[in-house]
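Subject: Structure for you to look at

Hi,

Here is the structure I promised to pass on. Have a look at it first, and then read my notes below.

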Amino acid sequence: MITGVLLAALIAGAAWRLRALTIGGALAAAAVGAAIYGFGGVRWAVLLLVFFVTSSMFTRAGGEHKTSSGDRAGRTAGQVAANGLVAAAFALAHSGSGAPWIATGFVGAVAAATADTWATEIGLLSRTPPRLITTGKVCRPGQSGGITSLGTRGGIAGAGVIALLGNVLLGTSVLGVLIAGTAAMFADSLLGATLEARARVLTNNTVNLLTTATGALLAALLANLR
């Protein structure tokens, strides 16, 4: 556990220095990373690290074209928790039970977070404007519930990368995780276009938390799908 804490702290500190995380975000990332490493092990932590590194790369890509999406100073503690708490909970469950569906649920949570983040960041580079998932009407880049063809393909690719890596590292279902991560990505857009954008019932962080939970639960249900 001590090794996990130190490694997570070093990685989070480096991310803060690179402005990929705020100070609060770095502290939250260190806590989530240490929990996943401590309860799941190094292979589980690698999946989380792949999500974070690739997502940070896509966030920085074409940054000059992304001013409309909001503050790019770095992920906050709330954003880190929204993307990592469900995965950490599955890692904790794994420490008490080695049931295969738990590992698949963990990978599903990471796949959902990856798909959602890749879809958002890659979609902001699209030359065609996004359209609301509910009505098909053109909306501004970065608007909750807006999707693009480029972003959707990017999100599916992100879920696929995690699905394949999860199979290699943890032996989890590739198809099950891919379906779960992709479905969670669309669920995020639906929630963003309805409850978040219209009723203001949910915040973006709450939507992201529900997205990772959706990915985890769907993947767990599809754990035996090959």
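Let's start with a question: which residues of helix 8 are buried? They are Val207, Asn208, Thr211, Thr212, Gly215, Ala216, Ala219 and Ala220. Before you go further, please keep in mind that this is a predicted model.

While you have helix 8 in view, you can check its length too. The helix runs over residues 204-221, and its 18 residues should span 26 Å at 1.5 Å a residue. The C-alpha atoms at its ends are 26 Å apart, so the two values agree.

Now jump to Thr104, which sits in helix 5 (residues 100-123). What does Thr104 touch, once residues up to four places away in sequence are not counted? The list is Thr172, Val177, Ala219, Ala220 and Ala223. Two names there, Ala219 and Ala220, also belong to the buried residues of helix 8. Thr104 and Ala220 are 116 residues apart along the chain, yet 5.5 Å is what separates their C-alpha atoms. Thr104 has a relative accessibility of 3%, and because buried means under 20%, it counts as buried.

Next, helix 6. This one covers residues 149-170, and from its first C-alpha to its last it reaches 31 Å with 22 residues, close to the 32 Å expected at 1.5 Å a residue. Its buried residues are Gly151, Thr152, Gly154, Gly155, Gly158, Ala159, Gly160, Ile162, Ala163, Gly166, Leu169 and Leu170. Take Thr152 from the list: its relative accessible area is 17%, so it is buried. Leaving aside neighbours within four places in sequence, Thr152 is in contact with Ile147, Met185 and Phe186. After helix 6 comes Gly171, with a positive phi near 75°.

A positive phi also turns up at Arg19, at about 65°, although Arg19 is not a glycine. You will find Arg19 in the loop between helix 1 and helix 2. Is Arg19 buried or exposed? With a relative accessible area of 66%, it is exposed.

Ser126 counts as buried at 18% relative accessibility. Its side chain reaches the backbone oxygen of Thr128 at 2.9 Å. Not counting residues up to four places away in sequence, Ser126 touches Thr148 and Leu150.

Helix 3 provides the largest share, seven residues. Sorted by class, the lining of this second largest pocket has 18 nonpolar, four polar and one charged residues.

If you want a place to begin, I'd go with Thr104 in helix 5 and trace its contacts, among them Ala219 and Ala220.

Cheers

Methods: Residues numbered from 1 in each chain as written. Predicted model: local features only at pLDDT ≥ 70, side-chain atom pairs only at ≥ 80, totals over all residues. Heavy atoms only, no water. Helix = DSSP H or I, 4+ residues; strand = E, 2+ residues; numbered from the N terminus. Buried < 20%, exposed > 50% of the residue type's maximum accessible area, 1.4 Å probe, protein only. Contact = heavy atoms within 4.5 Å. Expected span 1.5 Å × (residues − 1). Nonpolar A, V, L, I, M, F, W, Y, C, P; charged D, E, K, R; others polar. Polar contact = N/O pair within 3.5 Å; in protein donor to acceptor, adjacent residues only side chain to side chain.
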